[in-house]
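Subject: Structure for your review

Dear colleague,

Please find the structure below, together with its sequence.

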Amino acid sequence: MGYKAKNIRTFIGAKRYDESRTFYRELGFEEIILNDKMSLFKVNESLAFYLQKYYVKKWLHNSMIFLEVDDIESCEQELLAKGLHNKYKYVRFTEIKTFDWGRELFMHDPSGVLWHFCQFNE
């Protein structure tokens, strides 16, 4: 490459846009409203994704986001303590699973997008 890449972001849709916006804010992400059909959600200064007021079930139910964390146990405790799986009908979490490469837990958001929260072996 003759240029320096600075960031990469994914776009995900939402079945119920306002519900998904609230969910991601409650998850702890910072929302930057771009217009009435799209927001940018920041995990931190260098990690973010776009949430769209757009829903195609086949697309969303095949969307996955991989978020690497430094401490999977702390991540699990913080996620579960928010109680979002009790508040949102379709939100669910798995227990931490161990693989030869590391450990991860899965979360489905209100629209069916699958999140992988992962910690690699050192």
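The notes below cover aromatic pairing, one histidine and a surface patch.

Please bear in mind throughout that this is a predicted model.

Aromatic pairs

The count of aromatic pairs in the model comes to 16. One of them joins F29 and F49: the ring centres are 5.8 Å apart and the planes stand at 75°, so this pair is edge-to-face, the class for angles over 60 degrees. F29 is placed in the loop between α1 (17-27) and β2 (30-35), while F49 belongs to strand β4, so the pair ties together parts that are 20 residues apart in sequence. With a relative accessible area of 10%, F29 counts as buried. F49 is buried as well, at 2% relative accessible area.

F29 also forms an aromatic pair with W115, with 5.8 Å from centre to centre and 40° between the planes, and this pair is tilted. Since W115 lies in strand β9 and F29 in the loop between α1 and β2, this pair ties together parts that are 86 residues apart in sequence. Both F29 and W115 are buried.

These residues are part of a wider grouping. F23, Y24, F29, F41, F49, Y88, W115 and F117 form one aromatic cluster.

The histidine in β9

H116 is found in strand β9, which covers residues 114-120. Is H116 buried or exposed? Its relative accessible area is 13%, and residues under 20% count as buried, so H116 is buried. The side chain of H116 makes a polar contact of 2.9 Å with the side chain of E104. Leaving aside residues up to four places away in sequence, H116 touches M64, I65, F66 and L67, and also E104, L105 and F106.

The surface patch

Which residues make the nonpolar surface patch? F11, Y54, V56 and W59 make it, and its area is about 360 Å². Of these residues, Y54 sits in the loop between β4 (48-52) and α2 (57-60). Y54 has a relative accessible area of 46%, which lies between the 20% limit for buried and the 50% limit for exposed, so Y54 is partly exposed.

I would welcome your comments on any of these points.

Yours sincerely,

A colleague

How values were computed
Residues are numbered from 1 along each chain as its sequence is written. This is a predicted model: local features need pLDDT of at least 70, side-chain atom pairs count only at pLDDT 80 or more; totals for chains, interfaces and linings use all residues. Side-chain values use heavy atoms; hydrogens and water are left out. Patches are made of residues with over 30% relative accessible area and no salt bridge: like charges are joined within 9 Å, nonpolar side chains (Val, Leu, Ile, Met, Phe, Trp, Tyr) within 5 Å. Accessible areas come from the Shrake-Rupley method with a 1.4 Å probe; for residues, only the protein chains shown count as cover. A salt bridge is a side-chain nitrogen of Lys or Arg within 4 Å of a carboxyl oxygen of Asp or Glu. Helices (H or I, at least four residues) and strands (E, at least two) are DSSP runs, numbered from the N terminus. Buried means under 20% relative accessible area, exposed over 50%, partly exposed in between (1.4 Å probe, protein chains only). A polar contact is a pair of N or O atoms within 3.5 Å; within protein, one must be able to donate a hydrogen and the other to accept it, and residues adjacent in sequence count only if both atoms are side-chain atoms. Contact means heavy atoms within 4.5 Å. Rings of Phe, Tyr and Trp (its six-membered ring) pair if their centres lie within 6.5 Å; planes under 30 degrees apart count as stacked, over 60 as edge-to-face and the rest as tilted.
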